[in-house]
Amino acid sequence: IDISNPTAPVEVSRVNDVFQSFYSLDDQLGYIVEYIPTETKVTLDCSDNNWGRNIWLSEDVLFIKTGSPEAGINSGSSVAGNIVTGGSMARFTAVNNYLYTIDGSQIKIFDVNQSSPVLKNKVDVQWGIETLFPMADHLFIGSNSGLLIYDISNPESPSFNSTFSHATACDPVVVSGNTAYVTLRDGTPCAGFVNQLDVIDVSNINNPSLIKSYPMENPHGLSIVDQTLYLCEGKSGLKTFDITDNKKIDSHLLDHVNGFFGWDVIVLPPGDLVIVVGSDGLYQFDAKDKSNLKQLSRITIEE
């Protein structure tokens, strides 16, 4: 989409039939248009292909784990130094001339260095992958069971490096230097029961290890610039922390802005402007003083 004139965006090209339809289950039967919900207890072995999935089809019976499945696409992200210009909830991200997207249990890779994007590869990862964050030659993938790290030095053929497992929960992730920051929260289709921030050492990309976990209220998206962590706390708004010592983050709360539901946060270069995606609008904050964020504006979103 050409946005050189932001008031009149123009579609330049489109690639059709790339992403699977969530409800398209059978080439001959077509789409589900009606069903009768029935409570059923099913026990799955960890090695079962449906383990970790919220929805699956077995012998013409559709199983939905936690009510209606969620679907959505969030803003992409890119890395310029350690300034992230995208959200940690992103389900797609651009690295150089390639676009990486989540589609079910797959990562799909597009070459976007031409007038029309070309699908170059599909990589099977696992069910429950949720977010993407690029750093150097690696792709950090947040899933509902852990942090996955893939090598993208060959951009068209990502290869698995390692994983850091945690309790089942939805988990946005950002990376700064040799440290990954992951939020886990409950009250989601991921069936999680914890609310915490995990700080993970990824200096050994093949063997990530936990530095420390911090209890939080209901953490969502997050972003890091220099030594400041911006963390959305759901109905509790936005918090900023000094992470100079990542073993004492909880004792270095810089500011806490209440009064809105914080979903995801994006920091624009050079780091003085913070944009927060809320449930009721898009907020802008002046972050020149990290201990005293000042709201500049809000674009209201009405459902």
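Predicted model: local features only at pLDDT ≥ 70, side-chain atom pairs only at ≥ 80, totals over all residues.
Local features were considered only at pLDDT of at least 70 and side-chain atom pairs only at pLDDT 80 or more, whereas totals for chains, interfaces and linings use all residues. Residues are numbered from 1 along each chain as its sequence is written, and side-chain values rest on heavy atoms, with hydrogens and water left out.

Two open sheets are considered first. Strands, like helices, are DSSP runs numbered from the N terminus (strands E, at least two residues; helices H or I, at least four), and two strands are taken to pair if DSSP finds at least two bridges between them. Strands of a sheet pair through backbone hydrogen bonds, either parallel or antiparallel.

The nonpolar cores are described next, a core being a set of buried Ala, Val, Leu, Ile, Met, Phe, Trp, Tyr and Cys residues joined through side-chain atoms within 4.5 Å. Buried denotes under 20% relative accessible area, exposed over 50%, and partly exposed the range in between, with a 1.4 Å probe and protein chains only. The largest nonpolar core holds 28 residues, of which F140, L147, Y181 and L197 touch the most other members. At least two residues of this core are supplied by each of β11 (129-135), β13 (146-151), β15 (173-176), β16, β17, β19 (222-225) and β20 (228-232), and β16 gives the most, with four residues. A second, separate core of 15 residues includes V123, L139, I141 and Y150. For Y181, contacts (heavy atoms within 4.5 Å) beyond its neighbours within four places in sequence include V173, L197, V199, L222 and I249.

Aromatic rings of Phe, Tyr and Trp (its six-membered ring) were paired if their centres lie within 6.5 Å, with planes under 30 degrees apart counted as stacked, over 60 as edge-to-face and the rest as tilted. By this rule there are five aromatic pairs. The rings of F19 and F110 have centres 6.3 Å apart and planes at 45°, so this pair is tilted. Because F19 lies in the segment before β1 (24-26) and F110 in strand β9 (residues 106-111), the pair ties together parts that are 91 residues apart in sequence. F19 is partly exposed at 45% relative accessibility, whereas F110 is buried at 5%. One aromatic cluster is formed by F260, Y283 and F285.

Polar contacts were taken as pairs of N or O atoms within 3.5 Å; within protein, one atom must be able to donate a hydrogen and the other to accept it, and residues adjacent in sequence count only if both atoms are side-chain atoms. N195, in the loop between β16 (179-184) and β17 (196-201), is buried with a relative accessible area of 17%, and its side chain makes a polar contact of 2.9 Å with that of N218. N195 is also in contact with E217, a residue of the loop between β18 (209-215) and β19. E217 counts as partly exposed at 42% relative accessibility, and a polar contact of 2.5 Å joins its side chain to that of S236. In strand β25 (residues 281-286), D286 has a side-chain polar atom 2.9 Å from the backbone nitrogen of K288.
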